[in-house]
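Subject: Structure for your review

Dear colleague,

Please find below the structure that I am handing over to you. My findings follow it, and I would ask you to read them with the structure open.

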Amino acid sequence: MSARPLVLVLYASTHGHTAKIAERIGATLREQRVDARVSRTGAAVDPTGLDGIVVGASIHRGHHQKEILDWISEHRTTLGAMPSAFFSVSLTAAEDSDEARATTGALIDEVVEATGWTPATTAAFAGALQFGKYNLPTRVLMRLIAHRQDPHIDVHVDTDYTDWAVVDRFAHDFATSVQRTRIAA
């Protein structure tokens with residue numbers, strides 16, 4: 001057994017912001033004396049032998065990426081036997097309202113129902129408007145949505161809504177959970 005627990009931070013990202021959050025989680029885990037590997041989802045990623053896993057995905061067109069749901073479904077038994085967490089990234093999570101919290105909670109519940117995996121911890125993180133990374137139809141749609149939410153928004157400038165202190169706290173808490181589980185084993 002190595003001196004430090006090994007955790008995989010696996011993610012699916014459409015425009016790159018979820019990847020940025022996953023990398024931040026990995027860095028925070030390493031600061032907490034956890035060996036963290038960060039990887040984009042793929043069939044070759046095997047969770048066997050890990051001390052914990054954090055899985056993340058973003059919401060597009062009302063759902064999380066299918067590739068991450070397929071991967072979770074395939075590995076749900078292994079994931080259920082270790083400390084695990086799921087994070088969801090969306091613009092809805094940036095809204096401070098009961099309706100937005102209910103929506104993000106329901107989308108996380110969809111992941112649980114679709115995959116059969118119940119992570120020990122879940123979180124919804126606010127995403128970013130990244131107009132420069134969108135294709136033309138998506139850019140037009142996102143500009144319309146952005147203007148409806150805030151008529152004064154500059155649609156030529158990317159806006160990051162992520163509360164990085166919340167992301168760091170999530171990763172810190174997960175590191176503590178993994179370390180406690182490992183000590184108890």
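Two strands are said to pair if DSSP finds at least two bridges between them. Please note that this is a predicted model.

**Strand E3 and its partners**

Strand E3 covers residues 52-60. Two bridges join E3 to strand E4, residues 63-64, and these strands run antiparallel. Within this pairing, His60 has His63 in E4 as its bridge partner. E3 and E4 form a hairpin with two residues between them, and Arg61, in the turn, has a positive phi of about 55°.

E3 also pairs with strand E1, residues 6-12, in the parallel sense over six bridges. Here Leu8 stands opposite Ile53 of E3. Strand E5, residues 84-90, runs parallel to E3 and is joined to E3 by six bridges; in that pairing, Val55 is opposite Phe86 of E5.

Is strand E3 mostly covered or mostly uncovered? E3 is mostly covered, as eight of its nine residues are buried.

**Residue Val34**

Val34 lies in the loop between helix H1 (17-31) and strand E2 (35-40). Because its relative accessible area is 0%, Val34 is buried, the cut-off for that term being under 20%. Which residues does Val34 contact, leaving aside its neighbours within four places in sequence? They are Pro5, Val7, Leu29, Ala175 and Gln179. Gly16 is 18 residues from Val34 along the chain, and the C-alpha atoms of the two are separated by 24 Å.

Yours sincerely,
A colleague

Methods. Residues are numbered from 1 along each chain as its sequence is written. This is a predicted model: local features need pLDDT of at least 70, side-chain atom pairs count only at pLDDT 80 or more; totals for chains, interfaces and linings use all residues. Side-chain values use heavy atoms; hydrogens and water are left out. Buried means under 20% relative accessible area, exposed over 50%, partly exposed in between (1.4 Å probe, protein chains only). Helices (H or I, at least four residues) and strands (E, at least two) are DSSP runs, numbered from the N terminus. Contact means heavy atoms within 4.5 Å.
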